[in-house]
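Please read the following note with the sequence and the model open beside it. Each numbered point takes up one part of the structure.

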Amino acid sequence: MVNKKVYIIPCSGIGKVFGSIGREAAYIVVNELAKGKSDLECLPLIVKGKKEVIAKLKSNKVIVIDGCPAKCSYNDVSEAVGKVDGQFMSTDIVKENRDMKPEHEIIPMGENAKKLSRKLAEKVTQKIDELLENEEGGEQ
Amino acid sequence: MSTKPKIGIIACSGENLVGGTLSRAAARIVVEKLRPDKTVILCQPLFMAGGLERHGGTEERDFAKTHPTITIEGCKEECARIAVDRYSGKPAATIYVEDIINAHPELKPKSKEDLGKDGVKLAEIIAEKITEKVDELLERN
Amino acid sequence: MDKSLGVIARQSALKVIEKSPEIHLVCPVLLNTGDKEYESLLKESTIIVIDGCMTRCATKLIDKRNLQINKKFFIPDMSKKFKIKPGKELVLTEEGFRLADQIALDILDFVNESKEQKPVEHREIGEIEYFKAVVDKFHFHVPKTGYYFNENDCWIKPEGNKALMGISDFLQKQAGDIIMVELPELGLEVEQFDDIGNFESTKTVLQLISPGSGKICAINKELDKAPELVNQDCYGKGWFIEIELKDFDADKDLLMDGPAYFPYMQKKIEQERLKREKKDIQPQK
Amino acid sequence: MPESYNANSETFMGVSRIKIPWWPTIDYTKCNFCMECDKFCPHQVYERKENEEKKLIVKTPYNCVVFCRACSKTCSLDALSFPDKREITTLIKKIRDQNELK
């Protein structure tokens, strides 16, 4: 059996720091916290309708990370792939850590924004483990 | 009311390749540092999501309909150009990041997550190119 | 179902429904399987959970969905309160039924109380016609009629002897992404220009400065969970509070209507732009 | 370039801004010059004076937005106070009435 992966799709927002927090969190997840268990996928490609990408997402678990209430990643992935297995909002992390306001600079990101990204990454990783566990459970 | 001409910038924002990271970094350098007063950044995902009533996509699309807009592509998929073309009409210009990367083999970004010193330099070069286009378009209009 | 406590919880709930059919019973098993039907129901409702034992499954199920529980009933506590032992049999004894009846009464009391206190959270605001100012990619909206504004960019929408209040599109955009809204207590008497609510964005803390005077009769609890409603729909779902008007004619003296506020807002937008431009120029000196 | 906040030409509810005495007063017995209020205020009402005893002053009172008290929320020592709101409202109404009579 090929090991299933969880695909992470950050919203790729660029106008505000929240998109960057989501992206940074996704990087931390796939390169560090859930290395080997997860991978990134590119939202613009999905919306464009790239077949290989969509097929891959359909047969794997998908987590979206959005940076604003427009929920682009969630909406676009739901529409293109037909499902989303987990969803996160980087603004929720900001709300939960009100004493840690993110800086507005995006390049490079500020200290608080980085800390928030890590917190978000930890949550996403937890979800990944949950999803993979259920998956194994289902196949036994 | 402000009627100063402005140029829209929309970057591919992709996540899979370093081209996406560079496109994003370069776009931000332009709107934050080089031409803050003359450019408006458009959010590519929001642009594509569209239709969310008074929040989001429609405003980005409307802007690109009435203002010259430059798309910045990280790879051959040309997502930004295609999106603008589909929803707002032909973009005023398109910048291909890959071409600029190829023209500067000495500057290799460390990774897509962390551009590193050379990568940032490369982003600055791309930003310069975008700025040239911005100025050109402003003159024309 | 495998303990008498659970059976009592179930019996209490059934009794509540019998007396008050408008209350919905939520099946924990179905809730656990992630049934979609419950999603919207739970989002819009006051949620009461009845837990039978220490595992508190009902509470956990609701927590898992990130919903807010308005009231929790815990059978062992109730048993102590009413001094009735639940018994151990799965088929309820007379004592068991008596306990369930008492608990049901308690729950109904809570429901009635919260009905009195709980403001109606949803306010139907139909189609609004707007004046629109477009600045770059931002569209600033001002309702043409029905809304009045103070110079602090807060609005009031009178209807009969009551009025909704909130912040304008301009202030909402100035604030940026709002992550928290702090609202005053119900019943508070407010005067015109009192500050009656803080809201916090990622940039700053701002205040709702009351355009009207009167007694607060409802607050928009939705904003606790979803402060972004203020950004998304500042003239509708993002309302802050409702007041019973004291003397709106007097309030109105110091307010602008839509057609007056619109140019005022445009001027403010222009001022902001000038300020920004100045800032952009200065560092280069 | 036109001055964006020129108090002389500014009005509040039709009343010249300089006729409305609304701005914060710093209680120097309480203030510890943490500068949170200055960091907060987007209208440059305050000014920092690094080398003076009073390291913070109210520099441009008429820049202050009438009825705004937001900066005082940042002051954990409660060193900022504002005029009585009702008196100001009454004053504004009075001046407006006078203006109408003219």
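**Note on the structure**

1. Chain B has six helices and four strands; here helices (H or I, at least four residues) and strands (E, at least two) are DSSP runs, numbered from the N terminus. Along the sequence of chain B, these elements follow the pattern β-α-β-α-α-β-α-β-α-α. This is a predicted model, in which local features need pLDDT of at least 70 and side-chain atom pairs count only at pLDDT 80 or more, whereas totals for chains, interfaces and linings use all residues. Residues are numbered from 1 along each chain as its sequence is written, while chains are lettered from A and ligands numbered from 1 in the order in which they are written.

2. Of the 141 residues in chain B, 51% are buried. A residue is called buried if 20 or more other C-beta atoms lie within 10 Å of its own, exposed if 12 or fewer do, and partly exposed in between, with C-beta atoms placed from the backbone. Two residues are in contact if their C-beta atoms, placed from the backbone, lie within 7 Å. Among contacts in chain B between residues at least 6 apart in sequence, 62% join residues at least 24 apart.

3. The contact between chains A and B takes 23 residues from chain A and 25 residues from chain B. On the side of chain A that touches chain B, helix H1 (17-33), helix H2 (43-48) and helix H4 (72-81) of chain A each supply at least two residues. H2(A) gives the most to this side, with five residues. By class, the side of chain A that touches chain B has 14 nonpolar, six polar and three charged residues. In this classification Ala, Val, Leu, Ile, Met, Phe, Trp, Tyr, Cys and Pro count as nonpolar, Asp, Glu, Lys and Arg as charged, and the others, Gly among them, as polar.

4. Chain A also meets chain C, in a contact that takes six residues from chain C and eight residues from chain A. The side of chain C that touches chain A divides into two nonpolar, two polar and two charged residues.

5. Which order do the strands of the open sheet in chain A follow? The four strands are arranged as S2-S1-S3-S4, with parallel pairing; two strands pair if DSSP finds at least two bridges between them. Strand S2 (38-40) and strand S4 (86-89) of chain A stand at the edges, each with a single partner strand, so one side of each is left without a neighbour in the sheet. From one strand to the next, the twist averages 20°. Strand S1 (residues 6-10) of chain A pairs with S2(A) over three bridges, and A:Ile8 has A:Leu40 in S2(A) as its bridge partner. H1(A) packs on the sheet, touching S1, S2 and strand S3 (61-66) of chain A, and its direction makes about 160° with that of S1(A). For such angles, axes are lines fitted to C-alpha atoms, for helices over the stretch in contact, and angles run from 0 to 180 degrees between N-to-C directions.

6. In chain C, strand S10 (residues 195-201) runs antiparallel to S11(C), with five bridges joining them. A hairpin connects the two strands through three residues, and C:Phe199 has C:Leu206 in S11(C) as its bridge partner. Why is strand S11 (residues 205-209) of chain C largely enclosed by the rest of the structure? Four of its five residues are buried, so the rest of the structure largely encloses S11(C).

7. Helix H5 (residues 75-82) of chain C has C:Ile75, C:Met78 and C:Ser79 buried. These residues cover an arc of only 105° around the axis, which puts them on the same side of H5(C); the arc is that of the directions from the helix axis to the C-beta atoms. C:Asp77 and C:Lys80 are exposed on the other side of H5(C).

8. Most residues other than glycine have a negative phi. C:Phe193, however, has a positive phi near 75° and lies in the loop between strand S9 (189-190) and S10 of chain C. C:Phe193 is buried, with 26 other C-beta atoms within 10 Å. D:Phe67 also has a positive phi, near 80°, and D:Phe67 counts as buried with 24 C-beta neighbours inside 10 Å.
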